[in-house]
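Got a structure open and wondering where the labels come from? Let's go through them one by one.

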Amino acid sequence: MSMLEVKDIHKTFDGNQEILKGIDLSVDKGEVVAILGPSGGGKTTLLRCINFLERADSGTLTFDGRTYDLKKITRNEISGIRRKTAFVFQNYNLFLNKTALQNVTEGLIIARKMDKEEANRIGRQALDKVGLSDRYDYYPNQLSGGQQQRVAIARALATDPEIIYFDEPTSALDPELTGEVLSVMRQLAQEGMTMLVVTHEIGFAKNVASRVCLVEGGVIVEQGRAAEFFDNPKEQRTRAFIEAISSKE
Amino acid sequence: MLSDRLIDILVKSFPKILLPGLKMTVPLTIIAFALAMVIAVVTAMVQFADIKILKPLARFYIWVIRGTPLLVQLFVVFYGLPSVGILLDPFPSAVLVFAINEGAYAAETIRAALESVPSGQIEAGYCVGMSWVQIMRRIVLPQALRTAFPTLFNELISMVKDTSLAANITVMEMFMATQRIVAIYYEPLALYIEVGFIYLMFSTVLTKLQAFGEKRLAVYGKR
C-alpha cells in the first residue's frame, strides 16, 4: 500500500495560468521518487501543494491511510500531516537567527514540546549524520551553501518524518558543493528513507531514485523505474527531455 | 565674552535643568516609548496578519496620528478632554500622547521590517510543524526587530527631544525648567544653549547604547 497518494491535483494561479492539470502520484514506503521536468512545468508547485505551502484548487491526498480533500482540509489536519513529513527547500530557508543546532531542535522543542536535552541530543545526532559535528553553534550566514543545505536535511531528519520532500535541493549550490548534499541524500535513500525529490540532477535520478516521473505542462508525461525511464522511454516528450539535458552535461 | 556672572548662572542652573531632565524627561521618554513599542508591535502584526476589521482600524489610527501635529494632540488631550469630563494630570497626559503618537510611527517601521523577513522563513517554520504564532514569536519578530532596531532608535532619540513640547501642557521637564530660569536671569542665549547641550548629552548616551545594541544583535550576521 502506498504511503502517500495524490489524485487529480489541479492548481491555477491568479485565475489564468493552470499550473497543475490533474496529477496522480503515489509513493510507497521506502521509495525514492524523482520528479524531473523543465522549469515552469509544475514540479515545484506539485510538491508545494502536497505539503500545503500552496492550496490546491482540487484533488485528494491520502497519507497514512487517511484521505483528505485538498480544498477542504482543515488547519489542524494540515499541521498533523506536516508533523509527519519534512521539507527541504531549494534555498535552504534555515532560520537566520538560530544556530545550526537550534535550527534542528526548533521544531522539536517548540512544535513538539520535546524536552530540551533530549532535543539537543537528537539535534547533535542529526548534524553528525550529515557531517557537521563541528558546526553546531554556527549561524547560517557562517556556513557555505552546501553546509546550510546539509543543516536543512538534518532539520528534516530530526523530526523523524515518514517522508521527506526535496525541492531542487542542489539547484542553488555551486557545482562543487552539490556532491556533498547528494551524497547525504544517497545515504538516506540506502537507509530506506522515503523521499520525493524534485531535481535537475540526472545522475541522482538515474542512480538513486527507484522511480522517475517527468512533469511537463502540468501533467505527468511519463513515469517508470529509473532504468526503464532513461534507457527505454515510451513518450516522445520524454526522449526529447532526456536528450536536451544529456547534451548539457 | 563669558562674564563671571554668566558662568555663575550657567553652573548654578546646570543641576536645576538636569534634575527635571532626570526626573521628568527620562521617565516620560522611557514609559511612553515602552508603551509605544507595545502599540506598534500589535498594530504592525494586525496588518501583517491581514486581520479583518482590525487592519483598516490600524490604518485609520496611523493615518490620523501621523497626519496631525504632536502639539495639537497634546492640547486636545490636556486642554480639550476636560470639557467632556476626562481630566488627566500633565504627566499622564504627556505619556499617553507620546505613546500613541510614537506608536503610529514605530508601527510602520516594524511593519516594514516584518515584510522584509523572507517568506521562506515562515514556510520553513510551518514545515517543521510550528504554528503561526510560534513562527512569529521565535523566528519572524526577532529578525524584524533587529532590522527595525536602528530606525526605532532614531525615533527614540527624536522622542527625547520632542518631550520638550510637554512644557506646553505644564509638565515640569527640562525645557520648562530652563524657561523659568531664563525668566529670572534673562540670559536666553546662554541658558537655551545650555539646555540644548543637556539634550545633546542624553542623545549621546543613546547613540552609544544604539551602537552597543547593534553589536549585540549582529551575532547572526547579515542576510
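Here are some questions about the strands and the chain contact, with their answers.

This is a predicted model, where local features need pLDDT of at least 70, side-chain atom pairs count only at pLDDT 80 or more, and totals for chains, interfaces and linings use all residues. Residues are numbered from 1 along each chain as its sequence is written, while chains are lettered from A and ligands numbered from 1 in the order in which they are written.

Q: What makes β1 and β2 of chain A a pair?
A: Strands are DSSP runs of E with at least two residues, and helices are runs of H or I with at least four, numbered from the N terminus. Two strands pair if DSSP finds at least two bridges between them. Strand β1(A), residues 2-13, has nine bridges to β2(A), so they pair, in the antiparallel sense. Lys11(A), for instance, sits opposite Leu20(A).

Q: Why are β2 and β5 of chain A called edge strands?
A: The open, antiparallel sheet runs β2-β1-β4-β5 in chain A. β2 (17-28) and β5 (66-69) have a single partner strand each, so one side of each lacks a neighbour in the sheet.

Q: What makes β9(A) and β10(A) a hairpin?
A: Six bridges join these antiparallel strands, and two residues lie between them. In the turn, Gly217(A) has a positive phi of about 60 degrees.

Q: How many residues of each chain count as being in the contact?
A: Residues are in contact if their C-beta atoms, placed from the backbone, lie within 7 Å. Chain A gives 23 residues and chain B 19. On the chain A side, α3(A) gives the most, with four residues.

Note on methods
Two residues are in contact if their C-beta atoms, placed from the backbone, lie within 7 Å.
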